[in-house]
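Hello,

Here is the structure I promised to pass along. Have a look at it first, and then read my notes below.

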There are 4 protein chains.
Amino acid sequence: MADLLERYGGVRRRSVDLAAPLSAEDCSAQSMPDASPVKWHLAHTTWFFETFVLARVEQPHAPFHPRFLYLFNSYYESVGAQYPRDRRGLLTRPSLDEVRRYREHVDAGVTRALERGDADEQVMSVIELGIHHEQQHQELIATDVKHLLWCNPLRPAYRAPLGTSGRVAPPLSWHAYPGGLLEIGHAGDGFAFDNERPRHRVFLEGWELASRPVSCGEYLEFIDDAGYARPELWLSGGWARVREEGWQAPLYWERGEDGWQQFSLAGMRAVEPGEPVCHVSLYEADAFARWAGARLPVEAEWESSAAGAAVEGNLAESGRLHPELAGSGSGARPAQLFGDVWEWTASAYGPYPGFRPLEGGLGEYNGKFMSSQNVLRGGSCATPGSHLRPGYRNFFYPPDRWQFSGVRLARDLR
Amino acid sequence: MADLLERYGGVRRRSVDLAAPLSAEDCSAQSMPDASPVKWHLAHTTWFFETFVLARVEQPHAPFHPRFLYLFNSYYESVGAQYPRDRRGLLTRPSLDEVRRYREHVDAGVTRALERGDADEQVMSVIELGIHHEQQHQELIATDVKHLLWCNPLRPAYRAPLGTSGRVAPPLSWHAYPGGLLEIGHAGDGFAFDNERPRHRVFLEGWELASRPVSCGEYLEFIDDAGYARPELWLSGGWARVREEGWQAPLYWERGEDGWQQFSLAGMRAVEPGEPVCHVSLYEADAFARWAGARLPVEAEWESSAAGAAVEGNLAESGRLHPELAGSGSGARPAQLFGDVWEWTASAYGPYPGFRPLEGGLGEYNGKFMSSQNVLRGGSCATPGSHLRPGYRNFFYPPDRWQFSGVRLARDLR
Amino acid sequence: MADLLERYGGVRRRSVDLAAPLSAEDCSAQSMPDASPVKWHLAHTTWFFETFVLARVEQPHAPFHPRFLYLFNSYYESVGAQYPRDRRGLLTRPSLDEVRRYREHVDAGVTRALERGDADEQVMSVIELGIHHEQQHQELIATDVKHLLWCNPLRPAYRAPLGTSGRVAPPLSWHAYPGGLLEIGHAGDGFAFDNERPRHRVFLEGWELASRPVSCGEYLEFIDDAGYARPELWLSGGWARVREEGWQAPLYWERGEDGWQQFSLAGMRAVEPGEPVCHVSLYEADAFARWAGARLPVEAEWESSAAGAAVEGNLAESGRLHPELAGSGSGARPAQLFGDVWEWTASAYGPYPGFRPLEGGLGEYNGKFMSSQNVLRGGSCATPGSHLRPGYRNFFYPPDRWQFSGVRLARDLR
Amino acid sequence: MADLLERYGGVRRRSVDLAAPLSAEDCSAQSMPDASPVKWHLAHTTWFFETFVLARVEQPHAPFHPRFLYLFNSYYESVGAQYPRDRRGLLTRPSLDEVRRYREHVDAGVTRALERGDADEQVMSVIELGIHHEQQHQELIATDVKHLLWCNPLRPAYRAPLGTSGRVAPPLSWHAYPGGLLEIGHAGDGFAFDNERPRHRVFLEGWELASRPVSCGEYLEFIDDAGYARPELWLSGGWARVREEGWQAPLYWERGEDGWQQFSLAGMRAVEPGEPVCHVSLYEADAFARWAGARLPVEAEWESSAAGAAVEGNLAESGRLHPELAGSGSGARPAQLFGDVWEWTASAYGPYPGFRPLEGGLGEYNGKFMSSQNVLRGGSCATPGSHLRPGYRNFFYPPDRWQFSGVRLARDLR
C-alpha cells in the first residue's frame, strides 16, 4: 500500500510536470476531435479517481464540482452523459489553475483513503488501474500537444532542440522463430488490462522478425520509389486516404529547400535517416511492408518474439520524446522492441478467447472498442516504462497517424 | 471445357433473368453509394470477361465500346481509372438494351474462345473466376434492388407475395465441439478464391454453436428489452450508429398499427417470428449476442462446425429471396448453415497465414480489402448454391445492413 | 375559355414532346439536388393541376393515385409533406408510361371542367397559372437534362448537331437612358406572377445598357487575362467558390487539345466566339463586369430599357436550345433582350413595395423564396416565348450555373 | 490631429479593457468559424494599423513578427494569404501577453507618426478608418465571447448580474412618414464607410415605423402561437433552418422549469418581457413580422425615419451589454433607434448607385461582401456610440443569430 501510495503520487506529479512547459492557453486548445486539450487530460484523469475511487470510499461523497462529472467523463455511458468530445477546446473554464486545485483535492482524498486503510482490495485495484490510465493519458498529452503545436505556423517547440547526426541505421537483419503451439496473454499476478487476458494458446507457423524498426532512410527509399503513387501497394482504404488527404510522407514531414524536415516536440529539424520512421498510419506501414517484400507481424508473433525481454529503451523517462537512432543491435533479440515507436501489427484488435471485461462501468474501458482498430505493440518514446509489458496491447484506427507509430517488419520463416 | 462452357452460359443467363421483373428505369437507379444499379452490375460482370478474357485471347482485341473500360471498371486500379462509384445511377446511357447487346457480344467471344480452344489453362481459370464473380453480383443485384425499391414510398415488390404463418422457430439448442489443433481454409483442387487459401492450422479451445440462426421472434425480445437503448450492450462504434441514425430495429422493419412489418422483395409483410432475423449489422449481431449471454463465433469455429456439411438450404435457386422458417433441426449438425442469412463472425477479415493474392490485376480482387471488415459465413437466400463452399469468406463493414445478414450464436464450451 | 382550353392543350402536349428524344432511363435520373428527373417534372406539373384544379372542381375528387399527392408535391407545405427533393431520382416507379397515363387522366378532367363550364373565374385563373407553371418546368426539363447528359462521360446529345461558324459578335455599343422617376412592374390585365406586382415608382439615375450580351469571345479574354485567378475581381462568396470548386471557365466548358469545347444539348462542340456566353453564375457575371470596367444592371434599369420591346428572339420555339450568334444589332434598342440567355441583374430578389402573395397554398409559389437570390431577366433559348413579358422576374442563387444564364453589362450614364 | 491621436488612444485602450474580465484561456478559444478568439481580434486590429499605416509611414518597416502578416490577416487577398479562419482557436501562440506587447509596439509607432507629422492626409484617413474598424471588432469581441461562454455548460458570466423587473414594454404605436423622392446615404465631411456613399435619391411610398423594437413579451406570443411550427409564416430558407437546427426560440433562450431563461453576458437570467427581443435571425424577424401582420422596413425607410435623430441610447458605453427595457417612448420619434439591438431590414446588402470602393487593398473592406446578406440598422448595446451614424449599414447573413440583432416592424402607410 505504501508502494501504491508512492506510485500514485509519482505518476500524478508527472502529469502536472508534463504541462509545465506549456501556457494555460496551450493547455486549453483542441486541434482535432481525436485529440484533447492538456487541461482536459489533467481533469479527466482526476475525474477517474474521483468517480471510481472517492465516490466509493467517501460516504457520502461531495463532488468537487457538480458539473465536472459531465464535463470530464470521456466515454463511460454507465456513469452518465458526456460533454461532446469534439468541443473540449471550448472549455476555457474551469481554468488550468482550477484544474490543478481539482487535482490536489482529489489527490488528498485518495491519499487519505489509502493512509487510513479505507481502500479495500477492490478499491486498490481500481487505484492501480487509475495509475495506468493516467500513464496512458501522459502519452496522449505528448501526442496531442505535438499535433496542436504543429497546427500553428509558428511551429513552437515543447522542449529544447535535439541535435542531428545524419547517421544511418545499422543494417537490418532477421531473427527467426520456429513457431508451434505457443501461449500469449498476461500470465501471473502483476497488473494488466483486461484485454491482455486470459493467457491462451495460439498456433503459429515459423516467422522472422526484423532486427529493428524501419528507419527514416528506408522510408525515404519508399517515397522516392513512388510509394505514395502506386495503388498496387496499398489497401483499398489506404489508397482512398492517400488521394483524399494528399498524403505524400508521414505526418509532420515537409519537403523544404534543404530536403525533408519534420516537426518534433523539439521543433522543426531535418529528417534523420537513422531514426525509426514515426507517425505513419497502419495503411502506410502495410504499404511499406508490401513494397519491401515483407509483411507486418501479427500480435502473437510480436509478443512471442518479445517474451522475456526487458522493458527498456528510449521511453518517456528519457525526456527525449522523439525516436532515437538504433544502436548496433548486437543481440540475440530484435532491438528497440520497447520505446521509440509503437509498432503496428496486422492483427485487428479483438477479444482474446475467453475475454471477460471488468465488472461495472470499468468494463467500458477496453472491451467496447474491439472493432475496426489494429493492435500496436512495444511502446514509444512517450510511454512511461513502468506502464509497459510484453503483452501490452495498444490500439488505434488504420488511418491514425498522430501517435508515435512506426513499422516493424516480419516475414514467413523460409 | 464443355462443362465450363455450359456453366458459363447458365450463369450468364441467370443474371439477365434476374433483371426480367424490372423495368429499364428500375435497372438504372442507384439508391446509395454502396449499392449499384442492376444495369451496372450487368455491364460490369461483362466488362470483367471482356477485360480479363477477351482482351487476352483476341489479338488484337477491338473493344465493344471505347469508354466501357472506364465506365464499368469497379475498382481495378491496375486496369485504369474508374467512373466515380457514387454516380453510377447517372449513367442512363448505355441503355439497358445496349447493355444486353454488350453481354451478347462478349458472350459470343468467350464462347468462341472456349469452343475453338483458344483458352489455355490460365484463361480458363479466369473464366471460372469470372463465373463466381458473376454469381457474387447476382446476390448484389438482389440486395441492391431491394434497397432501391424500399426507398420508394410505393414499396413496389420484385416478386409475388409470400405467405405468413406466425409460427415460431424450433427451440434453440447447442452443438458442442472439443477444439484442438484444427485446419481451416480451402483444401483440394476445386475452385476457391485466393482469400480462402492456404489451408492452415489454428488452435481453438472447445466451443458450442447454436442449432440455428437467431429468429425474428428472439430479436423482438431484444428490442422489447430495450436492446437499442442500452449502451452497455454495444460496441462503441455501434452505439454511435444507433444514436446518429436512430436505429430501433433491423433495416427494413417498421412498426405499424398492426405490429412490426418488414419490407421484402415480395413487398411489405408482417415480421414472421420463426424466420431468421436478417438485415442486421455486425454491431447489432454483436449486441444481441451480448444481451443473450453468448457471443459471435470466430470464423475458424464456424468453418470447423460446417466441415463436411452439404451445401443445401434456402438458396437463390429457391427463388424465395427471403429467409425461411427453420425446420425442426433434428440433426447431428446445426441447421441452416447454408442459405437464409449470412452469419456475422467476430473475425476481422484478414489474410490467412501464407496468403498470396492472384497475380496481376486480379490480385486486387480480394486482398486489398483486408482491413476494417468482418467475415460472414454460410451464404444467404440470395446466394447461388453452386457459389458456396464451407470455407467461403464473405466480408462487409460492421455497420452494413443491406445484405442478407443475420446472427448465429456461439459460446465457450463449458 | 376556348382559348384557354387550346393553350392548355398545346402547352401540355409540348411537355410530352420535350421528353420524346429521351429514354425512360433518361427521364428517371437526377443529376444533383437542384435538378429533377424529367419524369418528375412531367408528374409534378400534372400534380399541380390535379391539386389546385381538379380537387376543387370535382366534388368528391378521387385522386389518380393516393401517394402521388406526396410524391409530386414540390414545396407546398400547406398542401402536405413532400418526398425528399434530393431523392427524386430513386422513384423508378411510377414508370414513365404510368406518368403519361396520369397526364392523360388529369388532362381529361381539366378539359371536361372547362368544356362543361365547371371552372369559375378563380379556377380559370389557376389554370392560367398552371400553364405558366408548366412552361417554367419545360425550361427546367431542358436545363436538367443537359446537366444529366453532361454527367455521362459518353456525352450523349439531346438533339441534332449544331454547326459552328467561328464568327465573332458585332461590336458592343451602349444605349443611353436618362433615368428619373420611372415605373416598373406589371401593368394591365394580362397574366403575370404575383411577384411582378404591383406596378410602382422607382427613381433611377441615368444609365447605359450594352447593345448585346457578353460573347464567348469576350469571356475568353477575361479567362486569358487570369480572370479566375485574381481575387480583386470577385465577390467574397464567388472567390470562395472559385477555389473550392476549381472554377476556371463557365460550366460545360472544357479545354481540349483543339481549344475550348463546350457541352450543349447538341453534344460537344467548339466554343463559338460570337455566341453569348452562357452557364455562368452571378459571381462570374459580376467578376466579368468588374474586369470590363462596367457593372450589372439593376432590374429596374433592365425593365425600363426593355419597355415596349417585342418578345422575340432565340426562344424555345426555335428548337435550337442553345444561344445564338448576335445579329448586327442595328437598332434603336439593345439586341437579344429576350431569348438566348437569362441576364443576371445586381438586384436581390425581393418583394416589390406593396407585394401581396396569392391567397392560400399558391401563395407559396413565389413569395417564400425572396431571400438570398438574384433576379435574372429576359428569358433564354429554352424559354417558351408565350411565357415571357418585359416585367418577368426569374431568380436563382448566386452560385447557380446550370441555367442558361449570361451577362448583360450596364454602366452609369456619363 | 491631436483629436485623432486622442481618439486613437482611447479606442485602442477600450479594446484591451474589454478583455480584462477574461482569462488568457478565454481569449484564445474559438466557438465557431463565424466567431474569432478575443486574442485574435486584439491582434488583427493591430495588424490593420501595422499593415496599412506603419508599413506606409516607416521606410523601411521592420515587422514586429514576420509571421503575423499571415496569422492576423482576416480576408485581405491583396495583402497576402491568410491563416484559415476556422482554425484561429488553435493559435495558442503568440500568447495574450505577447499580443499585448504587439499592441504597445504598434501603438507607439502610430503615435510617433502622428506626433512627428509623418502621417499625411491619406494616412490619417486610414487611421480614422482603423479606429472605426477597431470599434467594429469591439462589438465582435462582445458577441463572440458571449457565444463562447454559452458553449460552456458552466455558463460563466462576463460581467456582474443584471436585475430583472418583469415589466412589460410600453404599448407599440406607429409613426407615419409620407414618402416621396428622398435622399439617403452619407452626406457631408464626417467619417463614413465607403458603403454608405454616395448620397442618392430614392423614391418611397408612405410608410409607418413601429415606436420601438419588438419586445420579448411579444415574441413569446409568437412562440406560444406556434410561430416555429407554421411554415406559412417563413421564408423557405428560414423554414429549412427551423427544421434542420430545431429552432424553437431565439438563440440563447432555454425553456426551464421556471419558464424561459436566456443566457446573457451577465449569466443566465429570466427572459424579461419588456426588453427588446435579441439574437434572432433575419428569418425569425421576417416570420415574426408576417405573423404580426406587418413587415420589416427597407433600409431607406429606416434611415429616413432616423434622419436627424441623436445617436443615443443603450450603447456599449453603458457597460450593460444587454438590451434594455424600452422607456415610455413619448416622443415625436420612434424610440430606441440606436442601441439595444441591431434592426434587421428587408434590404439586401448591395452597392448604392454610384458606389466606389476605397482604392487598393482597403477596397476589400466592404464591397466584396455585397451578396447574400441583409442590412441591419441602428446599432446595439455592444456598439460604441461614436461608431454610429443614421446612415450606418451593418450586414449579416439571413440565418445569423449570434449578433445582438432584433426586430423593428414597419407597414405601408394606410
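This is a predicted model: local features need pLDDT of at least 70, side-chain atom pairs count only at pLDDT 80 or more; totals for chains, interfaces and linings use all residues.

Helix α5 of chain B runs over residues 96-116, and its 21 residues reach 30 Å from the first C-alpha to the last, close to the 30 Å expected. Its buried residues are L96(B), V99(B), Y102(B), R103(B), V106(B), D107(B), G109(B), V110(B), A113(B) and L114(B). Because they cover an arc of only 160° around the axis, they lie on the same side of α5(B). On the other side of α5(B), you will find E104(B), E115(B) and R116(B) exposed. After α5(B) comes G117(B), with a positive phi near 80°.

The other spot is in chain D, where helix α1 (residues 2-19) packs with helix α6 (residues 121-151) at an angle of about 20°, their axes 10 Å apart. With angles under 35 degrees counting as roughly parallel, α1(D) and α6(D) are therefore roughly parallel to each other. Their crossing is left-handed. From α1(D), the contact is made by L4(D), R7(D), Y8(D), V11(D), R12(D), R14(D), S15(D) and L18(D). From α6(D), M124(D), I127(D), E128(D), I131(D), E134(D), Q135(D), Q138(D) and I141(D) take part.

Key:
Residues are numbered from 1 along each chain as its sequence is written. Chains are lettered from A and ligands numbered from 1 in the order in which they are written. Side-chain values use heavy atoms; hydrogens and water are left out. Helices (H or I, at least four residues) and strands (E, at least two) are DSSP runs, numbered from the N terminus. The expected span of a helix is 1.5 Å times one less than its number of residues. Buried means under 20% relative accessible area, exposed over 50%, partly exposed in between (1.4 Å probe, protein chains only). The arc is that of the directions from the helix axis to the C-beta atoms. Axes are lines fitted to C-alpha atoms, for helices over the stretch in contact, and angles run from 0 to 180 degrees between N-to-C directions. Angles under 35 degrees count as roughly parallel, over 145 as roughly antiparallel, 65 to 115 as roughly perpendicular and the rest as oblique. A crossing is left-handed if the near helix is turned anticlockwise from the far one by less than a right angle, and right-handed if clockwise. Contact means heavy atoms within 4.5 Å.
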